[in-house]
Amino acid sequence: MRKAKKVEDFEVWPDNWPAVEMFLRCQTQWRTTMSGVCGLDYVALEWLFRLYEVEDQQAVFQDLQIMEAAALKILNKGGK
């Protein structure tokens, strides 16, 4: 049995909260292939932006893409 890694607290700057909240809302919206996870479903993301009335969609989207790229490295690391 693998031992669970200890989760450490981290700080989120106030300017980054909209992107963090949206990233968490998208946690079930990943596109996958036989090779692994390939990215977020941007169609679902557009719907979530409207649902949660995100004001600066372009800025939040750019932040999400940075988070998405970092997550992809981690998510696909286990299968290789």
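This is a predicted model: local features need pLDDT of at least 70, side-chain atom pairs count only at pLDDT 80 or more; totals for chains, interfaces and linings use all residues.
Helix H1, spanning residues 17-25, packs against helix H3, spanning residues 57-77, with the axes 9 Å apart and at an angle of about 55°. The two helices are therefore oblique to each other, and the crossing of H1 past H3 is right-handed. On the H1 side, the contact is formed by Pro18, Ala19, Val20, Met22 and Phe23. On the H3 side, the contributing residues are Val60, Asp63, Leu64, Met67, Glu68 and Ala71. Classified by residue type, the contact of H1 with H3 comprises nine nonpolar and two charged residues, with no polar residues.

Helix H2, spanning residues 42-51, also crosses H3, at roughly 140°, and the axes of these helices come within 12 Å. This angle makes H2 oblique to H3, since only angles over 145 degrees count as roughly antiparallel. The crossing of H2 and H3 is right-handed. Within H2, the residues in contact are Tyr42, Leu45 and Phe49; these meet Gln57, Val60, Phe61, Leu64, Gln65 and Glu68 of H3. By class, six nonpolar, two polar and one charged residues make up the contact of H2 with H3.

Methods
Residues are numbered from 1 along each chain as its sequence is written. Side-chain values use heavy atoms; hydrogens and water are left out. Axes are lines fitted to C-alpha atoms, for helices over the stretch in contact, and angles run from 0 to 180 degrees between N-to-C directions. Helices (H or I, at least four residues) and strands (E, at least two) are DSSP runs, numbered from the N terminus. Angles under 35 degrees count as roughly parallel, over 145 as roughly antiparallel, 65 to 115 as roughly perpendicular and the rest as oblique. A crossing is left-handed if the near helix is turned anticlockwise from the far one by less than a right angle, and right-handed if clockwise. Contact means heavy atoms within 4.5 Å. Ala, Val, Leu, Ile, Met, Phe, Trp, Tyr, Cys and Pro count as nonpolar, Asp, Glu, Lys and Arg as charged, and the others, Gly among them, as polar.
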